[in-house]
Every structure is written in C-alpha cells, then in structure tokens.
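Visitor: I would like a close look at a single part of this model. Please set it in the context of the chain, then take it step by step.

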Amino acid sequence: MTANSSQFYQYKALYKPNQLIYGQGQTVIITGWTVKGAIAKHLHPQDYAVIGQLYSPSRGINLLIRNLLFNPHIRYLVVLNATREDKNAGAGTCLLDFFRNGFEEGLSDNKQRCWVIRSIIRGYIDFEVERSALEKLRSSVECQEAKSITEAVNLVKFYGQKQKLEPWGLPLEYPMSTVAPTILPGQRYGHRIEGKTIAETWVKIIHRIKTTGTIRPTGYDGQWQELIDLMAIVTDEPPDFYFPEPNYLPINRDFLQEYISQILDDLPKQEGVKYTYGQRLRSWFGSDQIQQVIDKLLADLNSARAVMSLWDVTHDANDSPPCLNHIWVRIVDNELSLTATFRSNDMFSAWPANAMGLRALQQHIWHEICKHSTHQLKIGPLIIISQSAHIYDDCWENAENVIQSHYSKICASRDYADPAGSFVITVQDGNIIVEHMTPGSGEVVNCYSGKSATQLYREIAANSPGLQVEHAIYLGSELQKAEIALGMNKEFIYEQDKRLKI
Ligand SMILES: O=c1ccn([C@H]2C[C@H](O)[C@@H](COP(=O)(O)O)O2)c(=O)[nH]1
C-alpha cells in the first residue's frame, strides 16, 4: 500500500536518541565505524529517516531492532559494510543475517533465554520482544548491504524516489529489564593495576571498574561506570602478543594488524574516518614524532624529553578530539618503558586494542634504538593512564561474564613477589621481631621489635605504604599469631607460615 507522497515521517528513537542524524524519509542507514556524517553530507534529509552507527552485534542490534519496531514507517534499511573496521565488529553482517536468515530461540552469554540471530556472528535480541513482531519486521523492511559510501548513497536515493509506503503496523514497544550493579566503596581518584599480559591486565581492569566504579551519565545517551585516573602496567607482553585460547578479548590477530598500522603509519585521509593516531604522530604537526623520539633517545639514552603529543590546541576544542593525548618513552635500568595517557578510554571495547597498538609502537621504538646503536636494551613495561576509565552500560552484562569466567583464575595464578620486599617474623626473648628484607638478595633493610601486633603493623604500614594488599593482610595475620604465642609464654609454638603448635 502506498502513502501520500508529500508526507514526512518523524523517527522516534526509544534508545540512543542523541547519537543519530535525523531525516524524514523511510530508510534507516546503518554504518559501522564509518562516521555517520560521511553519509549525511551526500543526502537530503527527506531521503532517509535516520543515520546511526552500529558498533556491536551483541549490544547494539537489540536496541536497533527495538527502535525499528517503534517506527513502523521504516520500510528500507541500508547497511554500510565498507571499511575493515565496519567488518571487524561484525555488527552489520549480523544485522543483515537477521533479515536474510532470521533467528531462533537460544541462550545469551549470561544463559538468559533470548532470540539468537542465525549468523556466524553472535547477536541477540531480548526474549521480551515477540517473535511475531520480529517476523513482521523482517517481512516488512527491505534490507540491503552497501560496500561503499557511494553505493549506500545511491541505494538511499533510489529508495527515496520510490512511492511512499504506509507504515507496516502500529508502533510496538516491549519492556526491558535492567540490572543495577552492586558497587563496593573504593578510592575515588588514582588506581593502579598490574598484570603480565594485556589480556590478564584487562580482566583485572574490568573487575576493578565493575566493582568500584561510579555510575555516571556518559555525555551521550545512557550511563557508564567510571574510575578516574586508572594506571595499568603491563610487565611482560610477549613480542607476538598473547591471545587467550579461546580468545575472550574484543580483538583478534587480524584486526590487530590493521590497528597497528593506524598507530604506526601515516595513512592518507580516508572519507568517514575521523583521524588516525598514526597521522597525528607522523605528520599532523609537520614532523614525524615517532622518529624524533627515536633520534632523541639515540642521542641521549637518559633523556626524559622523549614526548609525543596528539592533542591539537588549534583544532581539538570541539569536533572528535583524540582520546590518546600524550606518549612518553623513558629508558631506566636499561629497559625501555612507554607511558601513554588517554583523556577518555572505553575500557571494555577499546582498551585491549589501544594497549596492543601502543605495545607495537613501543616495540618499534625499542627495535630502532637497538638497531642503530650498540645498546643492549630490554623492552620494559607498557603503562597506560586512562583518565576517564569507563565501561558503557550496554557492556555491563558482557563485563560481568568476563569477570565470572576469568577473574578468579587470574588471581589464583599470581606470584607472591612483592617489590616492597618481604618480612621475616620470629618470637624471641619476650618480643616479636620483624625483619624487612629486599625482594631479590634478601638484605635486611629494617627491623621492628615489639609485643603488640597492632603496634607493629601500624609501624610497618607507615613505613611501607606501598605493600601489596594480600601481603599486608597476610602480615597482619602472622603478627596476630606471634602475639598469641607471646601471650601464652610459649614462644616456640610460633613459626612463620605454620599453624600455631597447640
Ligand atoms: O582510541 C580510542 C578512541 C576512543 N575511545 C573511546 C573513549 C570514549 O568512550 C569514546 C570517545 O568519546 P569522546 O570523549 O571523544 O566523545 O571512545 C577509546 O577508548 N579509545
């Protein structure tokens, strides 16, 4: 059935309303990582209903489908699957598969009943949405893939010239259940997390933000859970990168290659891509900052001036400023570390790729310095300071799954070495004696003596405030056992790390 051709439709988004470009037509345009403005500038608003970016099949499609059900005047869907980034996320393919292949009942990662899209990419729709409504949507909306911006624009214009169609039904809205996370109290500013690999560190980061982060509005739609100034230290990422098996990271080796090039190489400007870090580092300011850092360190290994800056004070006040702003490379104790600062960091979806890309940059600088000198440098830690370290609300469920599946295993595989040293506790001649020793060669650097566990732990804590948490708790329990032995006048029943011999 056709409608009055002069009629303008108003798209009403139930979800993510502020992230869309609105028109008055009957075609929804979906891009992946290609910015929506790159399409909008080639079209009249009468040609399309709305343009939006779909980043993730598991989180985004559900909201998009709910929005489509609420806007039955939408009769055409154009999915832009143009760049490698669009394809990597897989969201476009999964959406196309919803229309091509349909869906079936299944379980989400969280073992909730849901509709699973018949696709090699995992995509879900909430079970609250009626099957019949989804089938009606599939049969009422014509869906096409476009492999380039030009193809997308032509398709949208083609649909725009067609006779207007009547809405396929009345707007449909379904309830959505939300789970409010339980948040533990914690530090407000400044957090330190260390791990051997990027994968391990990421799980710890996700855990810390999910358990102690504050829920705040994102500045877009919805909320995020956030910690301010989170410093992640990755000590031993292997040269060829560690990907867990099965891979629970939101990045794989294929995409990593592409992403490394975005950081290391000066790419020509590409329509729809805002900027790349490579451009900023290699040419944006008229100089190759990566090479400058290499040259500076080759000239003076001890330099603390090896800085790369990505923030452009003349451009970045308003439109899409870079999230990565500052990189500093430093050689100490014959190892080369790299510290990067992000003003804003999506810790669930973006951090692993950001970290791997920066590690590749660190490897490159290290390699070049070794190649052009006789220095026997080691590669040191990668340190990332994320000023707003956040997890978006639509990733909370997936974040919980990562914690459930991996966090306790990672905690269990820790080693007990504390860089703050170790403590040997004995009970002798009516006193508890605590010797503080260096971690490596075990030289005694301090000695405490007293009768009260409380008094001793206070002194130790004041002198060594950087003790690892588990180590500090352990010392407390050992000191208490020593005090019990002392109180019973049976010094011999205390032996460190053993049960009291009573
Ligand atoms: O390399 C990047 C680029 C972007 N983001 C995330 C951080 C924010 O969640 C969002 C950018 O939002 P603005 O602050 O630019 O609006 O993208 C990253 O985490 N890493």
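How many helices and how many strands are in the chain? And which strands form the open sheet, in what order, and which helices pack on that sheet?

Guide: First, a caution: this is a predicted model. The chain has 14 helices and 18 strands. Its C-alpha trace spans about 100 × 60 × 35 Å along the principal axes. Of the 502 residues, 49% count as buried. The accessible surface comes to about 24,600 Å², and 52% of that belongs to carbon and sulfur atoms. Take the contacts with a separation of 6 or more: 63% of them join residues 24 or more positions apart.

Now the part itself. An unreviewed UniProt entry lists residues 418-497 as "domain: DUF4346". Over that stretch the chain is 38% helix and 26% strand.

Three strands form it, in the order β16-β17-β18. The sheet is open, and the pairing is antiparallel. β16 (422-428) and β18 (444-450) are the edge strands, each pairing on one side only. From one strand to the next, the twist averages 20°. In general, the strands of a sheet pair through backbone hydrogen bonds, in a parallel or an antiparallel way.

Look at one pair in detail. β17 covers residues 431-437 and pairs with β16 in the antiparallel sense over seven bridges.

Next come the helices. α13 (residues 453-463) packs on the sheet and touches β16, β17 and β18. The direction of α13 makes about 155° with that of β18. α14 (residues 469-487) also packs on the sheet, with contacts to β16 and β17. The direction of α14 makes about 5° with that of β16.

α2 (residues 60-69) is mostly covered, with ten of its ten residues buried. Among them are Asn62, Arg66 and Asn67, along with Leu63, Leu64 and Ile65. The cover over the buried residues of α2 includes strands β2 (27-31), β4 (76-80), β6 (113-117) and β7 (124-126). It also includes helices α4 (91-101) and α5 (131-140).

Another is a hairpin. β10 (residues 214-217) and β11 (residues 223-234) pair in the antiparallel sense over four bridges. Pro217 stands opposite Gln223 in β11. Five residues lie between the two strands, and in this hairpin Gly219 takes a positive phi near 95°.

The last is a single side chain. Asn325 sits in strand β13 (residues 324-332). Is Asn325 buried or exposed? Buried, because its relative accessibility is 13%, and the cut-off for buried is under 20%. A polar atom of the Asn325 side chain lies 3.0 Å from the backbone oxygen of Pro322. Leaving aside residues up to four places away in sequence, Asn325 touches Met308, Ser309, Leu310 and Trp311, as well as Thr341, Phe342 and Arg343.

Back to the part you asked about. Keep two things on screen: the open sheet β16-β17-β18, and the helices α13 and α14 that pack on it.

Note on methods. Residues numbered from 1 in each chain as written. Predicted model: local features only at pLDDT ≥ 70, side-chain atom pairs only at ≥ 80, totals over all residues. Heavy atoms only, no water. UniProt positions renumbered as here; feature names shortened; annotations may be inferred. Pairing = 2+ DSSP bridges. Axes fitted to C-alpha atoms, helices over the stretch in contact; angles between N-to-C directions. Contact = heavy atoms within 4.5 Å. Buried < 20%, exposed > 50% of the residue type's maximum accessible area, 1.4 Å probe, protein only. Polar contact = N/O pair within 3.5 Å; in protein donor to acceptor, adjacent residues only side chain to side chain. Areas by Shrake-Rupley, 256 points an atom, 1.4 Å probe, with all protein chains shown as cover.
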